Amino acid sequence: STRKESSAASDVYKRQLMAQIGRSTVAVIDAVVQRGGFRGEELTTIGTLRDQCIQAISISEAFEANDKE
């Protein structure tokens, strides 16, 4: 039982960390874009990275919501 609880706590921590990394990455991307720090040809790659971060945040939040139920 302790191993299961430890594993569950580890999973929660990993999801929270994933969401925090995603939010931080989005904040950095948005700040650099606002300052004009990317070249035009980089915008597709940066946009894809931002979309992936948003998706990771959404997945983490969905798991968190399910954990509370």
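The structure discussed here is a predicted model, in which local features need pLDDT of at least 70 and side-chain atom pairs count only at pLDDT 80 or more, while totals for chains, interfaces and linings use all residues. Residues are numbered from 1 along each chain as its sequence is written, and side-chain values use heavy atoms, leaving out hydrogens and water.

L17 counts as partly exposed because its relative accessibility is 37%. Together with Y13 and I21, L17 makes a nonpolar surface patch of about 310 Å². Such patches are made of residues with over 30% relative accessible area and no salt bridge, nonpolar side chains (Val, Leu, Ile, Met, Phe, Trp, Tyr) being joined within 5 Å and like charges within 9 Å; the areas come from the Shrake-Rupley method with a 1.4 Å probe, and for residues only the protein chains shown count as cover. T2 also lies in helix 1, and its relative accessible area of 61% makes T2 exposed.

Attention now turns to helix 2, residues 43-68, where S60 is found. With a relative accessibility of 1%, S60 counts as buried. Leaving aside residues up to four places away in sequence, S60 touches R15, Q16, M18 and A19, a contact meaning heavy atoms within 4.5 Å. The S60 side chain also reaches the backbone oxygen of R15 at 2.7 Å.

Charged pairs complete the picture. Side chains of opposite charge can pair when their charged atoms come close. Four salt bridges are found in a search of the whole structure, each being a side-chain nitrogen of Lys or Arg within 4 Å of a carboxyl oxygen of Asp or Glu. In one of them, E61 pairs with R23, with the closest N and O atoms 3.0 Å apart. This pair links distant parts of the chain, E61 being in helix 2 and R23 in helix 1, 38 residues apart. E61 is partly exposed at 39% relative accessible area, and R23 is partly exposed at 38%.

R39 forms a salt bridge with E41, the closest N and O atoms lying 2.9 Å apart, and another with E42 at 3.4 Å, N to O.

Technical notes: Helix = DSSP H or I, 4+ residues; strand = E, 2+ residues; numbered from the N terminus. Buried < 20%, exposed > 50% of the residue type's maximum accessible area, 1.4 Å probe, protein only. Polar contact = N/O pair within 3.5 Å; in protein donor to acceptor, adjacent residues only side chain to side chain.
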